[in-house]
Structures are given as C-alpha cells and as structure tokens.
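Let's take a walk through this structure together, one step at a time. Keep the 3D view open as you read.

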Amino acid sequence: MDQTEKLLMGIENILSVASDLVQEVDRLKRVEEECQMLKEKLFLKQLTTSEQDVFALTLDGHSITEMQDILFREESTIKNQRRSILQKLNASSMKEAIDLYKKLPRLLLKTSRIIIKKSFKNSLKLHKS
C-alpha cells in the first residue's frame, strides 16, 4: 500500500468520524430540547395554573397592575399567588425565581457538552481499532 492509498484511507476514516459526530450532535440537540421541555414542565408543575399564569407574565416583565388587567384578578390575589410561587420555589424574590427558571437551559447545555465530548472520544476509539 503506497502513501497515497494510506492518505485516502485516513481521509475516509476522518470523514466517517465527522459524519458520526454530526449525527450524534443532531441527536443530542433533540435530546436537549426534550430535556428542556421536561425540566420546564417539572419546574412549572409545582405551580397551580393560576400561579403559572402569574409566573409567565412575570417572565414577560409585566407589573402587578398589568397582570390585573390581563388576568382580571384583584391585586391581593396576584400578590398572594406571587407569594405562593416564591414559597413553592424556595425563592426569596421573583427575580430569584426567574433566575432559577432561566438557569434550566444552561444546566442542560453543560450536560450535553459533556456527553458530546464523551461521544467524540468513543467515536475516535472505535475508528482507531
């Protein structure tokens, strides 16, 4: 086997590994999206439907007065629901509750990066043998 054939085989091997990695990254992206949806559902599942409405409007930056107009609820009801949200999420402020919610994707991204690195190393090992 001459040098050119060895080079071509090496290139084919690299292309095969790259193709496997692209497929694995696509699969992991789908898994990450599913995990994100599940984490959001689990996070929000702690809250009643009314509390979820208040939390969603808080995420969108609405004030209590705006929530009253949108949800047709009394100010005291909205304040009670906000207190209940904080209690259930073990947060001291709505900002902290929102930060907890927004951290969900970052936690998943960190996990998926670790999985991608492991998959890459495993693919390389498989193609070397």
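In this predicted model, start with helices α3 and α4, whose axes come within 9 Å and cross at roughly 110°. That angle falls between 65 and 115 degrees, so α3 counts as roughly perpendicular to α4. Which residues meet there? From α3 come I64, M67 and Q68, and they meet E75, I78, K79 and R82 in α4. Sorted by class, this contact has three nonpolar, one polar and three charged residues.

Now stay with M67 for a moment. Leaving aside its neighbours within four places in sequence, M67 is in contact with V54, L57, T58, H62, F72, I78 and R82. M67 also belongs to the largest nonpolar core, which has 18 residues. F43, V54, F55, I85, L89 and A97 join M67 as the residues with the most contacts inside this core. Helices α2, α3, α4 and α5 each give two or more residues to the core, and the largest share, five residues, comes from α5. As background, nonpolar side chains in soluble globular proteins tend to be buried together.

One of those core residues, F55, leads us to the next stop. The structure holds one aromatic pair: F55 and Y101 sit edge-to-face, 5.6 Å centre to centre, with 80° between the planes. F55 lies in helix α2 and Y101 in helix α5, so the pair ties together parts that are 46 residues apart in sequence.

Technical notes: Residues numbered from 1 in each chain as written. Predicted model: local features only at pLDDT ≥ 70, side-chain atom pairs only at ≥ 80, totals over all residues. Heavy atoms only, no water. Core = buried A, V, L, I, M, F, W, Y, C linked by side-chain atoms within 4.5 Å. Buried < 20%, exposed > 50% of the residue type's maximum accessible area, 1.4 Å probe, protein only. Helix = DSSP H or I, 4+ residues; strand = E, 2+ residues; numbered from the N terminus. Contact = heavy atoms within 4.5 Å. Phe/Tyr/Trp six-rings, centres within 6.5 Å; stacked < 30°, edge-to-face > 60°. Axes fitted to C-alpha atoms, helices over the stretch in contact; angles between N-to-C directions. Parallel < 35°, antiparallel > 145°, perpendicular 65-115°, else oblique. Nonpolar A, V, L, I, M, F, W, Y, C, P; charged D, E, K, R; others polar.
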